[in-house]
Amino acid sequence: MLRTLSSLCLCLPLVSYASAYNGYFIKNTGANHSHYDAFANVGSPTVDGIVSVGEWDARFAEYQYKFDRADNGIRYQFQYDANNLYVLVQVDDDKVWVDSGVNLWETWHDDGVEIFIDPNNSRDQVLLDTDRVLALTASAHRRRFDKGNNAGSTQFHAEVDGSVQYKTSIQGTANDNSDTDQGYTIEVAFPWTQLGLSAAPAPFSPISSTIQVMEDDDGGNFTNSLNLKAVDVPQEVDRYFKWSGDGLQGPAQYARVLLLPANDVTAPAPVSNVSIVSSQPFSAKIHFTSSGNDGAQGQAANYQIRYATQAILTEADWQAATVYNNSFVPKIAGQTEQLRILGLAENSNQYIAIRAVDHAGNLSPLQGVNVTTTTAPAGYGKGRIYPSSLGRYFVYENGEAFMPVSQPAGITWLNVRDLYTRPLYDQQRNDLVNWSNPDFGEVGNVNALVSKFAGQGVNLVRLFIEDLAFADFVAHPNQNGRIPDGVSYLEYPASTEPTNYVPETLKFLDDFLALCAQHNIYVVITPWDNYFYRQDIFASNPYNVANGGMLSDREGFVTDPVARNAQLMRLNMLYNIINKHHNFFGWEMMNEWDNNTFAERNDNSNSWRAPRMAWIQGMLSHLRTIDSERMIFVSSVIEQPQNDLQDFVLQSDLFDFVAIHNYPRAVSDPTESGDTVVTVRPATDAARTLRYMLGNTEDKRPVYNLEFGPIDLDAQGTYYDPRYQQTDDETTYHNIIWASFATGEAGMPLRWPSRVLEDQGPSLTATMNAYQANMSQFFKQTQIDFAQFAGDPWDRHIQVSHPNVIDFSNSDGAQGLLYLLADTRKGASTLSGVNVTVNGLSAGDYQVEYWDTYSASPSLRKENMTVSGDTLALSLASIEKDVMISFKKAGIGTSKPPVEEATFAVSQSSLSDGDLLRLSLPTQDPSLDRYVVIQLPDGATLFIVKDKNALLPFDPSSSIATWQGTGSVALELPVSSTIPRGAYIAFLVELPKGLDVLSNSAQWQVKTLSFNIQ
């Protein structure tokens, strides 16, 4: 939920030439940074504006993303030798302009870059005269070489020509928007002497740098208008906006570049202090201290992790152990690491070994630790949810991918409130109503609703544990003096006294989690919602002193020690409920902690940040002590977090993944963007925000959107605006979910009900439900192995022949997603003869899948293709509205963690009294019926397993029961003396749906296994 942004037109002095909206290189600015932001390897590239093969090692490339959509990518790289620091900048730009300016030093009117260098890593607050700034236009027809003036600006340092080597090249036709350009390349060699150093710094010395991009899409000198309603149109003034990330704000904000040694033959030291923090049925969390690149210097490149049932002590043991695929990013030497190892075998002893690897491939000595996993309790299923070890997506604890399909819910919402047994305010009746009373006709709707969710593929519900749905009607809460009747706060008043907690609210949480568990739906809990701390609603808030709380001013919510103690108590009370349930997804610390609604926020001052961050860290630190095994995150609504906000939201160890609310103006009100067709720009702008977040997560953690929708649309009550009809809303919803997912979203983003839909509670329209179910089916049917997929935005590698097609993509070079959307702003939705090339792939055989995103009964069309060189060439006869494409190299992404997606297996081949017999089943093909049969040791007696632990005697004269279970476990029984001893055989029989099993044995697909009870 985001407040309405007004339109903005700025007239600004020429104080800066940088663009927060157009991207720059800045990754981790924290004083206690845990990663270097880039690495400079030793090399001497030819400065010719051409990236020749072998000149620049792509392993060290850093990618950033401009905040507009059409030409989004920027690639930076550093090298050095004894004489020079080399910088490569490649900018994707579909409209290159270099036509303006009079004087040589007027670099700010055209496309180009500014490279800021802090050569001694002093990290001062302002540019000193020891710092350097090189500005070049894309053609280098305007250029300057400046130094800091020690006062927040620059002064002349030297003539460019003769001081540095530089060369630029343009890929396209400059100053001509009739074609589509690819961009431009800039190579620079800075002599160390021109950077104020007598020689190259020693290896493992850092320098600091930021690189900013100037953007000009329409030629001429800069203009001074900024259109926040449609950010992907030409933006001129933002090049001059003095944003806090501007290079002129000083090296304290710059990225750190570590100089690597040449001919590196020194291995990292072994990691140290390895221990087990905790273990669960399918995972363990390990703790250790990071090593470096050379011994304990610098930062390693990655970790290699292997596991086995025996100790891994020698090189032979290491080679025989199972590889644990991961993309964990090591920290700088000497820092604490905590990594979760997923997919371990239940109730087993494992040995986990870790080695650090440097950028030259040198392996550290082995370090390892033993872990014993626990027994899964009843109902544990596939376990809790965590980020994949490869990042970007979520997995169950057992290693199987979890692709969230989400819905929101609140206690007071229609079709949910009948589960709440305390009176709530009803606006139509203007009275307090107990919706659990059968007289009001909603009893049972919550059961039907959750069942409906499951049928649509929904597997995640975001639940607001306090919910004042009619908060705008401030008069009602005090009706008849019956607070907390009428509102669903967790406690009233806020206090550390457990007697102040509303038992009906705690019971609701308990019951709702249990109901969702019946349908394999996980639940997110939001303990606090910023919305209820608005000035006009605070009158009814339990923290208000007028209601017996402790705050006379809502600003004290994050600073008042008494309030903070009450908040810790709230987490304790919630945990007491949550700890009973295995289908808890994670803690959302606060809804939109950085929104203006939550107390006050002055966008021109950073003063609001520190107390809020400190509050979240305090709450989170307490929560980790009572609940160390669940995910914790905080939702952020700022589209482009900078500096300390970027570190906090995108980089910090505090949170398990990045949770955003994706509300660019075109999403919150599609009618405001100025397009005649209003269903396209919301998708491009939502993907633009997501791309920025993905580009700034150092460790490739998942980025997941828990809110989007037209919340600012000026709807007429419960009716759509004439400019934006229901069909527009449904098409917009469809386009956003597919564009976001293809760009790298960790699943299907969550739609927040707009004003039109909010009266329907958590339900969307029937058409939206169908689109939801369609994407859920794609997740189940696609070849992409999301548990083993860690892609990046891939747009710079995509070329589409048709000008009316917009592409959204991400790939890791072996697996990938590509969504093609017809830009109906430019014409018809059906397009003919569309050719697409996907570059940057590894050579080999690929399978390509095509998916109809609109079909109610979709299926994958597949074709096999070969990539020669690095290009996959696709030819589509036509595109009707859109198409979703996935591609995957043969043999890639097929390896699974040791406990993989359920297979036909028994827990032990030999069991005795006290052991747990568990018979697991593979995921069911929906087109097949299955029968599970157990043959007893006498060789004659058969039992049919109808559901988990439900055995029926085999009777061929009557109808044979098909497997009707919803989980992956057919049997889960402790072995006791009452169970016959001997050899058992289990059969899994599958055949096409609807066929009689006994008369169609020719079509049986049979799996068998045996086990012995002694």
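**Exercise 1.** Determine which residues of α4 meet which residues of α5, and describe the crossing of the two helices.

*Solution.* In this predicted model, contact means heavy atoms within 4.5 Å. On the α4 side, Arg 564, Gln 567, Leu 568, Leu 571, Asn 572 and Tyr 575 take part; they meet Ala 614, Trp 615, Gly 618, Met 619, His 622, Leu 623 and Ile 626 of α5. By class, eight of the residues in this contact are nonpolar, four polar and one charged. Next, the geometry: the axes of α4 (residues 561–578) and α5 (residues 609–626) come within 10 Å and cross at roughly 35°, where axes are lines fitted to C-alpha atoms and angles run from 0 to 180 degrees between N-to-C directions. The crossing of α4 past α5 is right-handed.

**Exercise 2.** Is Asn 810 buried or exposed?

*Solution.* First, locate Asn 810 in strand β35 (residues 805–811). Its relative accessibility is 2%, so Asn 810 counts as buried (under 20% relative accessible area; exposed is over 50%, partly exposed in between, with a 1.4 Å probe and protein chains only). Finally, a polar atom of the Asn 810 side chain lies 2.7 Å from the backbone oxygen of Ala 742.

**Exercise 3.** State what the mean pLDDT of the protein chain is.

*Solution.* The mean pLDDT (the predictor's confidence in each residue, from 0 to 100) is 86, and 91% of the residues reach 70 or more. Over residues 234–245, pLDDT stays under 50.

**Conventions.** Residues are numbered from 1 along each chain as its sequence is written. In this predicted model, local features need pLDDT of at least 70, side-chain atom pairs count only at pLDDT 80 or more, totals for chains, interfaces and linings use all residues, and side-chain values use heavy atoms, with hydrogens and water left out.

Definitions and conventions:
Helix = DSSP H or I, 4+ residues; strand = E, 2+ residues; numbered from the N terminus. Polar contact = N/O pair within 3.5 Å; in protein donor to acceptor, adjacent residues only side chain to side chain. Left-handed = near helix turned anticlockwise from the far one by under 90°. Nonpolar A, V, L, I, M, F, W, Y, C, P; charged D, E, K, R; others polar.
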